Amino acid sequence: MNYTIVRPDQGLAPALQHCIDTKTKPVGALGQLEGLARRIGLIQQTLEPELRKPHILVFAGDHGAARAGVSAYPQDVTWQMVENFLAGGAAINVFARQMGMALSVVDVGVAHDFGPRGGLIHAKVEAGTANYIEEPAMSSAACRAAMAHGRELALGLASTGCNVLGFGEMGIGNTASASLLTHCLTHAELDDVIGRGTGLDDAGLERKRALLAKAVARGGRTVDPLEALTQYGGFEIAMMAGAMLGAAEARMLILVDGFIVTSALLVAHGLVPAVTDYCVFTHCSQEPGHQVQMAHLGGQALLDMGLRLGEGTGAALAYPLIQAAVNFLNQMASFESAGVSDKDPAPVSA
């Protein structure tokens, strides 16, 4: 798979910084919003960026290891939550509606037949992954097919004029998969990136750690992103990785949600590091491995609210801050245009 991702030209950076610094405020007074505005301007290569047709994709897939006990919830919750998404009753539905963001659910590998449904994109590779404790989660061919389809989805949305793409996921057991990918693709020890997921108690957490250690003993700690994805990934993670790479090819702004979505970004970054130039880390998850991921990728979260739901909820909640960054850049007066005195220049010594 060849992805053509061009790093944003930094030649516009001085002009963007001048525009930001000369707004009617002290230099740096808008904190992270200033860096965010600069990043969006560089991605779009303009001093007047626009956010067009923002869209959140929620990728859903089942994990064979879920039946081994890596989650507090049964596997059937995956398809039941997809039904909830389609009915408009999940948190991401509420937040996407509030923020004016389009929302689509992608059946990447749910062990359930939904039939034709409005708002559901049928992209099933297989009806869930294999149990990676006993064998690789997926074949290399299936992994590549999922990634290729994700790329097509992103490019298809870009062709409609969308330039902001948020990522969410649903899949019982996928925090375990994300932990394994994080262990492989960063320098972190396995126990340091395993959390409680959907709410495991102490005994459940110990069981999860033992099962994931057994998986690594079988499949090894590979640093190759595609091999790690094949061994331990989920189809939703594979398709997200492909969609992120496709979105970066199309120069879209990528809104990264929490721990599972960032595990997909670890894969994408391992293949094409330039993908992170197009990413905004919307929040910091309560999952311990998420801070490890962001440190590895050099990311800084916009929000830290103790979220650990997934679904793309962090991406939706952070969207007003992204709008604010673009709006202040486009609409806020400069000292010159407002007729406001800038700070006194440094005194000249006699």
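Reader: How do the axes of helix H10 and helix H11 cross, and at what angle?
Author: Axes are lines fitted to C-alpha atoms, for helices over the stretch in contact, and angles run from 0 to 180 degrees between N-to-C directions. Helices (H or I, at least four residues) and strands (E, at least two) are DSSP runs, numbered from the N terminus. Here H10 (residues 259–271) and H11 (residues 288–297) have axes that come within 10 Å and cross at roughly 30°. The model is predicted: local features need pLDDT of at least 70, side-chain atom pairs count only at pLDDT 80 or more, and totals for chains, interfaces and linings use all residues. Residues are numbered from 1 along each chain as its sequence is written, and side-chain values use heavy atoms, with hydrogens and water left out.

Reader: Are H10 and H11 roughly parallel or roughly antiparallel?
Author: Angles under 35 degrees count as roughly parallel, over 145 as roughly antiparallel, 65 to 115 as roughly perpendicular and the rest as oblique. H10 and H11 are therefore roughly parallel to each other.

Reader: Is the crossing of H10 and H11 left-handed or right-handed?
Author: A crossing is left-handed if the near helix is turned anticlockwise from the far one by less than a right angle, and right-handed if clockwise. H10 passes H11 in a left-handed crossing.

Reader: Which residues of H10 and H11 meet?
Author: Contact means heavy atoms within 4.5 Å. From H10 come Phe259, Thr262, Ser263, Leu265, Leu266 and His269; from H11, Gly289, His290, Gln293, His296 and Leu297. By class, four are nonpolar, seven polar and none charged. Ala, Val, Leu, Ile, Met, Phe, Trp, Tyr, Cys and Pro count as nonpolar, Asp, Glu, Lys and Arg as charged, and the others, Gly among them, as polar.

Reader: At what angle do H6 and H8 cross?
Author: The axes of H6 (residues 174–185) and H8 (residues 225–232) come within 10 Å and cross at roughly 150°. The two are therefore roughly antiparallel. Their crossing is right-handed. H6 supplies Ser177, Leu180, Leu181, Cys184 and Leu185, and H8 supplies Pro225, Ala228, Leu229 and Tyr232. That contact has eight nonpolar residues, one polar and no charged.

Reader: Is strand S1 mostly covered or mostly open?
Author: Buried means under 20% relative accessible area, exposed over 50%, partly exposed in between (1.4 Å probe, protein chains only). Seven of the seven residues of S1 (residues 55–61) are buried. His55, Leu57, Phe59 and Gly61 lie on one side, Ile56, Val58 and Ala60 on the other.

Reader: Which strands pair with S1?
Author: Two strands pair if DSSP finds at least two bridges between them. S2 (residues 102–109) runs parallel to S1 over seven bridges, with alanine 102 as partner of histidine 55. S4 (residues 164–170) is also parallel to S1, through six bridges. There, phenylalanine 59 has glutamate 169 as its bridge partner.
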